[in-house]
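Please open the model in your viewer with residue selection at hand, and follow the stops below in order. Each stop names what to select and then describes what is there.

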Amino acid sequence: MSYARVLCVGLVGVAGHVVEVEADLAPGLPAIAISGLPDTTLHEARDRVRAAIVNSGQKWPNRRITLNLLPATLPKFGSAFDLAIAAALLGSAGELPLLPLERVVILGELGLDGTVRPVRGVLPMVAAAARAGLDRVIVPEPNAAEAAAIPGVRVRAVDTLHRLVAFVREGSPLIDPPAPEPASPPTGPDLADVAGQGYARRALEVAAAGGHHVALLGPPGTGKTMLAERLPSILPELDDESALEVTALHSIAGLLPPSGRLLRRPPFQAPHHTATVPALVGGGSGLARPGAVSLAHRGVLFLDEAPEFSKTALEALRQPLEHGRVQLARARGGTEYPARTQLVLAANPCPCARPAGDTACECSPLTRRRYLGRLSGPLLDRIDVQVTMLPVRAAELMGADAGESSAVVAARVATARSAAAERWATVGHRLNAELPGPLLRRPPFRLPPRDTAELRGRLDTGSLSARGFDRIIRMAWSIADLDGRVRPDREDVREAIGLRTGEGL
Ligand SMILES: Nc1ncnc2c1ncn2[C@@H]1O[C@H](COP(=O)(O)OP(=O)(O)O)[C@@H](O)[C@H]1O
Ligand SMILES: [Mg+2]
Ligand SMILES: [Zn+2]
């Protein structure tokens, strides 16, 4: 036999596509050609595969080798094709009977010594195989747990090329994936730890109910970081579709915990203010790594000490936040990752970061304005909820009664979100923050004039932009959902104005 075909999967963004690896041997001078839009990593594959085959004690076919990866139009990144290429080569040379690998998807990178190395993105690759009706996969041993998180697929793992060869030739065993870890109750910081700050807590709850972006302003030590870190604890679990997408992104980043389960909690990403642009939005050679904004997809992106981020970093976040996805320019076709996240900014009022009332602060009003001004253009415009936090009082801090726990607040948020999802189902939305402005300004969702009088007044006097107008209406819906009203009333609009302008203390 001089022709063989083995199945693999290529990723375009988070979507996997089944790829056929064809190998053909022809008489002639020993040479190897790869076609089918391979990237540079794939050319390196040629050298790895050759070394791995030889060092596994197999015969390298000294003929004219043509490798073709189909569909040719699909851009292919990364090193997950190595193992399939090796199998196809050995098959075409008649060294390996490929019948046992019929309709089996094979994923893995090869080391020069023939070991099979883990690859990023195995979870979405296996999901793609399953969708294509292929229910058997062979993956690198370290990726076996994540592969097994996809239901309905029979996963086997390999540690070396030799093991794969022995399986095909002699039926010797492959490696079974580990049993999935039992689901553990959510851990993490609880809202009950936060004393006082009733107004900020309410603001966070409204933000959670509608998926609104939040800015927490105030002097150091007021609990800004504490509060932001507790936002995920009041958000509902991810539904199946979101869980798959979020887990896929973490798999592509190579950051999946080895639990063998889909991520069900909304992710929380808190990049440091020294983070590079690729770390924030994604990038890198080969299979592009999702950045923090994509790892926070369907969860929370927290920029602590936000004015300390570089201007380029803040600027780079603007597009993803606006469109809910990141476009990464690549040499060969762009890559797109989802990035629908809830942004939380925290900022001190001035760069010296002294506690409130500290007389050593010599920052002038201008310095202070400039400091927060760094946020204004790119990001502050997109913020819905803006809260200024004051130092917590001793009586509150030492008080006997703890604040409400995350579980109690999460229950209200979940009820509010269901109400919103039900209402917007007919217009194809779920969260209040996602609603297009025009839809909210027209019947049947337009609020009666008597309830929006103050808002329209602010618009007419220019103290509020049209964008701000829409943001306030969206928040008013979240407040109504939390308080169990079918539509916002005048008080809800007033509370929303306070949340948006920071006047609501
Ligand atoms: N509202 C609060 N309730 C309980 N502890 C608080 C509160 N605010 C601040 N603290 C304490 O102060 C520390 C610093 O809070 P942090 O959230 O980092 O403040 P900030 O981010 O505003 O500077 C916390 O670890 C906590 O011990
Ligand atoms: Mg802080
Ligand atoms: Zn200062």
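Begin by selecting Thr-341, whose side chain reaches the backbone oxygen of Gly-299 at 3.2 Å and also the backbone oxygen of Ala-296, at 3.0 Å. Bear in mind throughout that this is a predicted model. Thr-341 sits in the loop between strand E16 (335-338) and E17, and because its relative accessibility is 10%, where buried means under 20%, Thr-341 counts as buried. If you display its surroundings, leaving out residues up to four places away in sequence, Thr-341 touches His-213, Val-293, Ala-296, His-297, Gly-299, Val-300, Leu-301 and Leu-321.

Next, select Ser-294, which belongs to helix H10 and which, at 1% relative accessibility, counts as buried. The side chain of Ser-294 reaches the backbone oxygen of Pro-338 at 2.9 Å. Apart from neighbours within four places in sequence, the contacts of Ser-294 are Leu-249, Val-326, Tyr-337, Pro-338 and Ala-339.

Stay in this region and select Arg-298, in the loop between H10 and E14. Arg-298 takes a positive phi of about 65° although it is not a glycine, and with a relative accessible area of 25% this residue is partly exposed. As background for reading that angle, most residues other than glycine have a negative phi.

Now colour helix H11, residues 311-323, and show the side chains of Ala-313, Leu-314, Leu-317, Pro-320 and Leu-321, which are buried. Against what do the buried residues of H11 pack? Their partners are the helices H9 (277-281), H10 (292-295) and H12 (365-376), together with the strands E14 (300-303), E15 (325-328) and E17 (342-347). Leu-321, one of the buried residues of H11, is also among the residues that Thr-341 touches, which links this stop with the opening one. Just after H11, select Gly-324, where the backbone takes a positive phi of about 75°.

Move on to ligand 1 and display the 14 residues around it, of which Ala-195, Gly-221, Lys-224, Thr-225 and Met-226 come nearest. Helix H7, residues 224-229, gives the most to this shell, with three residues. Sorted by class, the shell comprises seven nonpolar, five polar and two charged residues.

For Met-226, a backbone N or O atom lies 2.9 Å from an oxygen atom of ligand 1, and for Gly-223 a backbone N or O atom lies 3.1 Å from an oxygen atom of the ligand. Val-139 is buried, with a relative accessible area of 0%. Leaving aside neighbours within four places in sequence, Val-139 is in contact with Leu-107, Val-122, Val-126, Ala-144, Ala-147, Val-155, Arg-156, Ala-157 and Val-158. If you then draw a distance from Val-139 to Gly-78, which is 61 residues away along the chain, the C-alpha atoms are separated by 15 Å.

Select Arg-103 after that, in the loop between H2 and strand E5 (104-106). Arg-103 has a positive phi of about 60° although it is not a glycine, and at 48% relative accessibility Arg-103 counts as partly exposed.

The bond from Leu-70 to Pro-71 is cis, with omega near -5°, and Pro-71 is found in the loop between strand E4 (64-70) and helix H2 (82-92). A cis peptide bond also joins Pro-443 and Pro-444, with omega about 5°, and Pro-444 is placed in the loop between helix H15 (437-441) and helix H16 (449-460).

Finally, zoom out and colour the chain by its domain assignment, which gives domain 1 (3-170), domain 2 (191-404) and domain 3 (435-505). The C-alpha centres of domain 1 and domain 3 lie 56 Å apart.

Key: Residues numbered from 1 in each chain as written. Chains lettered and ligands numbered in written order. Predicted model: local features only at pLDDT ≥ 70, side-chain atom pairs only at ≥ 80, totals over all residues. Heavy atoms only, no water. Buried < 20%, exposed > 50% of the residue type's maximum accessible area, 1.4 Å probe, protein only. Helix = DSSP H or I, 4+ residues; strand = E, 2+ residues; numbered from the N terminus. Contact = heavy atoms within 4.5 Å. Domains from an automatic or database assignment. Near = heavy atom within 4 Å. Polar contact = N/O pair within 3.5 Å; in protein donor to acceptor, adjacent residues only side chain to side chain. Nonpolar A, V, L, I, M, F, W, Y, C, P; charged D, E, K, R; others polar.
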